[in-house]
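Please look over the model shown below before reading on.

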Amino acid sequence: MKTVNTFGILALSFGLFAASCGNSSQSNNETVDHSAHQAEAPATSEAPAPATEPAGSAAAASNEVVIESNDQMKYNLSEINVNAAEPVKLTLKHVGTMKNDVMGHNVVVLKAGADVAAFTTAAMNAKDKDYIPESKDVIAHTKVIGGGEQDAIEFTLPGPGTYDFICSFPGHAGIMKGKIIAQ
Ligand SMILES: [Cu+2]
C-alpha cells in the first residue's frame, strides 16, 4: 500500500512538473516551432488575441471573425454580422484539449437556403473528406481541428443575406450552428 501512495505522489509531482514545463516552453514557441509543424507556428504567434466577445460589439459588423469552440461541443457565437461587400476572415479556435478525432470541430459556411439537415447527414458519411461531402452548398470551410489548434480561412459571400454555419463533425451540428448575417 505504501508503494501505491508513493507512486501517486510521484505521478502528481510529475504532472505538476509537466504542466509548468508546458507553460514555460509555450513562451519559447517561436524558436521551438520552426522545426515542427509549420502550420501551427503562426497559430501560436497570433494566439494572444484577447477576449473575443466584448458584449456590446456582437451586433457590429466586422469581417474579422474569431469563433471559439470547446470540449463541451459549443461555439461561443451563434450570430455573426459582416459586411457582404468585403471578404470575411474567419478564424476558428479550439480552446479545449480533446483531440480532433474525439471532439473535432470545424466551421462550414453554407449557401443561403441550403438544406442544412441534408448536408449534415451527408457529412457524417464523409470522414475521409474531413466531413465535407460533395455539395454545391459549401461556400467555405475550415479543417477539423482539435484542442489547442486553430484554422483561419478567407472567403467572400455571394451577397447580402443570411448564411448558416455549422460544425460538420458527426453529431455536432444540432448544437454547433449559427448564422452569418451579411449586409
Ligand atoms: Cu464540432
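D164 counts as buried at 17% relative accessibility, where buried means under 20% relative accessible area, exposed over 50% and partly exposed in between, with a 1.4 Å probe and protein chains only. The model is a predicted one, in which local features need pLDDT of at least 70 and side-chain atom pairs count only at pLDDT 80 or more, while totals for chains, interfaces and linings use all residues. Residues are numbered from 1 along each chain as its sequence is written, and side-chain values use heavy atoms, with hydrogens and water left out.

**D164 and its salt bridge**

- D164 has its place in strand β7, strands being DSSP runs of E with at least two residues and helices runs of H or I with at least four, both numbered from the N terminus.
- The partner of D164 in a salt bridge is K179, with 2.9 Å between the closest N and O atoms; the term stands for a side-chain nitrogen of Lys or Arg within 4 Å of a carboxyl oxygen of Asp or Glu.
- Because D164 belongs to strand β7 (residues 161-166) and K179 to strand β8 (residues 177-182), the pair ties together parts that are 15 residues apart in sequence.
- K179, at 38% relative accessibility, counts as partly exposed, whereas D164 counts as buried.
- By the rule for salt bridges, the count comes to 1.
- Apart from neighbours within four places in sequence, D164 is in contact with V108, V109, L110, V116, G178 and K179, contact meaning heavy atoms within 4.5 Å.

**I67 in strand β1**

- I67 lies in strand β1, which covers residues 64-69, and at 0% relative accessibility I67 counts as buried.
- The C-alpha atoms of I67 and K93 are separated by 6.2 Å, although these residues are 26 residues apart along the chain.
- Leaving aside neighbours within four places in sequence, the contacts of I67 include Y75, L77, I80, L90, K93, V107 and F165.

**The protein as a whole**

- The protein has 5 helices and 8 strands, and read along the sequence these follow the pattern α-α-α-β-β-β-α-β-α-β-β-β-β.
- Of the 183 residues of the protein, 34% count as buried.
- Among contacts in the protein with a separation of 6 or more, 66% are accounted for by residues 24 or more positions apart.
- The protein exposes about 11000 Å², of which carbon and sulfur atoms supply 57%; accessible areas come from the Shrake-Rupley method with a 1.4 Å probe, and for residues only the protein chains shown count as cover.
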